[in-house]
Amino acid sequence: FPSSSALIKYIRPVFVSRSDQDSRRKTVEEIKKRAQSDGKWPQIMIFPEGTCTNRSCLITFKPGAFIPGVPVQPVVLRYPNKLDTITWTWQGPGALEILWLTLCQLHNSVEIEFLPVYIPSEEERKNPVLYANNVRRVMAEALGVSVTDYTFEDCQLALAEGQLRLPSDTCLLEFAKLVRSLGLKPETLEDDLDKYAASAMKMKKEKVDLKEFSAYLEFPVSHTLESMFALFDENEDGIIDIREFVIALSVVCKPSKTLETIQLAFQLYQSENGTIMEEDLAHILKTAMGVSQINVTHLFRAVDEEEKGEITYDDFHRFAELHPHFAEDYLYADQMGAESGLETSYLSAPNGICTDFSPENAEDKNKPLQKKRN
């Protein structure tokens, strides 16, 4: 049998590193080169969602296949099996267990439907995002499913394996969409975060209005900026704490690196002697989890072993190392049945395996953005 590397070389793929901006640029150039080669290269097959989903909807298509502005052949897949073991994402059983469950079935069916070739309009050729959205709509109609604005990065954020698991009603998914709409790109977010964090530290506890927020981000006032501002306008008094924006952006940048976000938050909230109080910890964790309320008393007292009424990041870090599941033990357990708005269950899994990101389980876009309130 040929090795996997030999098979990969045989299909002549275009390799890309998600985290390397230069790699992404070269990938786009290679796709354009092959697509516009007048038959010198065979057709390129691209899975435009860029990840595995549970087939409850089509998430946002990446624009790579649509940047060349040439016709595309949409292809849809169906798995009409009684037990769905094919749709595998990050959650649920591992790959070997999925393989075993699949082999235990008498047969596994797959339907492949080639839809009519989609020829882009002049407007679509100039706008790859519009082109991608229109093709996605055609494919969704053929599959009989909805579309959603969730992206690969949203899936990573929602299912991140950090020590703070995001609850199903988190507003951070909405925040992540606004970040993208504003024009902040995933590949440059960490550099942006460093810039905004440094600026926020100079501002300390100072609150800003919409005009000042616009100047801080160096983006003009727009509907997107107003929506983002509203997300952090706790008391609807027209001012926000810029530190909360920085914490939320850190979670979106590094969803699995919980302690890095908390360390940054301590730097933003700590007093001159490097300590924070229980109220500060509540602000930090509410923002990091995107919820309206949270009870941190149990956690704070556990970290504050000497009962000083204040803790340092070193105190918190030592505690987190001794209690790697501190969120489950000291946060989620306290919120069970509480009116805090913090839900501990994952989003529903219609096939028993994969999280459902369908629009029916997402917050209605016409509703006001969930605000964090004290």
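## Helices α11 and α13

In this predicted model, the axes of α11 and helix α13 (residues 278–289) cross at roughly 45° and come within 8 Å. That angle makes α11 oblique to α13, since an angle between 35 and 65 degrees is neither roughly parallel nor roughly perpendicular. The crossing of these two helices, α11 and α13, is right-handed.

Helix α11 contributes Glu-244, Ile-247, Ala-248 and Val-251 to the contact, and helix α13 contributes His-283, Ile-284, Thr-287 and Ala-288. Sorted by class, the contact of α11 with α13 has five nonpolar residues, two polar residues and one charged residue.

## Helices α9 and α11

Helix α11 (residues 242–253) also packs with helix α9 (residues 210–217), at an angle of about 45° and with the axes 12 Å apart. The angle makes α9 oblique to α11. Helix α9 passes α11 in a right-handed crossing.

On the α9 side, the contact is made by Phe-213, Tyr-216 and Leu-217, and on the α11 side by Ile-242, Phe-245 and Val-246. Six nonpolar residues form the contact of α9 with α11, with no polar and no charged residues.

## Helices α12 and α15

Helix α12 (residues 258–269) and helix α15 (residues 313–322) pack with their axes 10 Å apart, at an angle of about 160°. The two helices, α12 and α15, are therefore roughly antiparallel to each other, because the term applies to angles over 145 degrees. Their crossing, that of α12 and α15, is right-handed.

The residues of α12 in this contact are Leu-259, Ile-262, Gln-263 and Phe-266, and those of α15 are Tyr-313, Phe-316, His-317 and Ala-320. By class, the contact of α12 with α15 divides into six nonpolar, two polar and no charged residues.

## The annotated spans

UniProt, in an unreviewed entry, lists residues 220–255 and 291–326 under "domain: EF-hand". In the model, residues 220–255 are 61% helix and 6% strand. The end C-alpha atoms of residues 220–255 are 27 Å apart.

Residues 291–326 are 50% helix and 0% strand. For residues 291–326, the end C-alpha atoms lie 18 Å apart.

## Helix α7 and Val-179

Helix α7 (residues 172–182) includes Val-179. This helix, α7, is mostly covered, with eight of its 11 residues buried. The buried residues of α7 are Leu-172, Leu-173, Phe-175, Ala-176, Lys-177, Leu-178, Val-179 and Leu-182. Just after α7, Gly-183 takes a positive phi of about 110°.

Val-179 has a relative accessible area of 1% and is therefore buried, as the cut-off for that term is under 20%. Leaving aside residues up to four places away in sequence, Val-179 touches Leu-184, Leu-189, Met-228 and Leu-249. Val-179 and Leu-249 are 70 residues apart in sequence, and their C-alpha atoms are 8.3 Å apart in space.

## Val-145 in a loop

Val-145 has its place in the loop between α5 (128–143) and β4 (146–147). With a relative accessibility of 22%, Val-145 counts as partly exposed, because that class lies between 20% and 50%.

When residues up to four places away in sequence are not counted, Val-145 touches Arg-55, Ser-56, Cys-57, Leu-58 and Ala-140. Val-145 and Cys-57 are 88 residues apart along the chain, and their C-alpha atoms are separated by 5.2 Å.

## The protein as a whole

The elements described above belong to a protein with 16 helices and six strands. Of the 374 residues in the protein, 44% are buried. Val-179, with a relative accessible area of 1%, is one of the buried residues.

Contacts can also be sorted by the separation of their residues along the chain. Among contacts between residues at least 6 apart in sequence, 68% join residues at least 24 apart.

Note on methods. Residues are numbered from 1 along each chain as its sequence is written. This is a predicted model: local features need pLDDT of at least 70, side-chain atom pairs count only at pLDDT 80 or more; totals for chains, interfaces and linings use all residues. Side-chain values use heavy atoms; hydrogens and water are left out. Axes are lines fitted to C-alpha atoms, for helices over the stretch in contact, and angles run from 0 to 180 degrees between N-to-C directions. Helices (H or I, at least four residues) and strands (E, at least two) are DSSP runs, numbered from the N terminus. Angles under 35 degrees count as roughly parallel, over 145 as roughly antiparallel, 65 to 115 as roughly perpendicular and the rest as oblique. A crossing is left-handed if the near helix is turned anticlockwise from the far one by less than a right angle, and right-handed if clockwise. Contact means heavy atoms within 4.5 Å. Ala, Val, Leu, Ile, Met, Phe, Trp, Tyr, Cys and Pro count as nonpolar, Asp, Glu, Lys and Arg as charged, and the others, Gly among them, as polar. UniProt positions are given in the numbering used here, feature names are shortened, and annotations may be inferred rather than shown by experiment. Buried means under 20% relative accessible area, exposed over 50%, partly exposed in between (1.4 Å probe, protein chains only).
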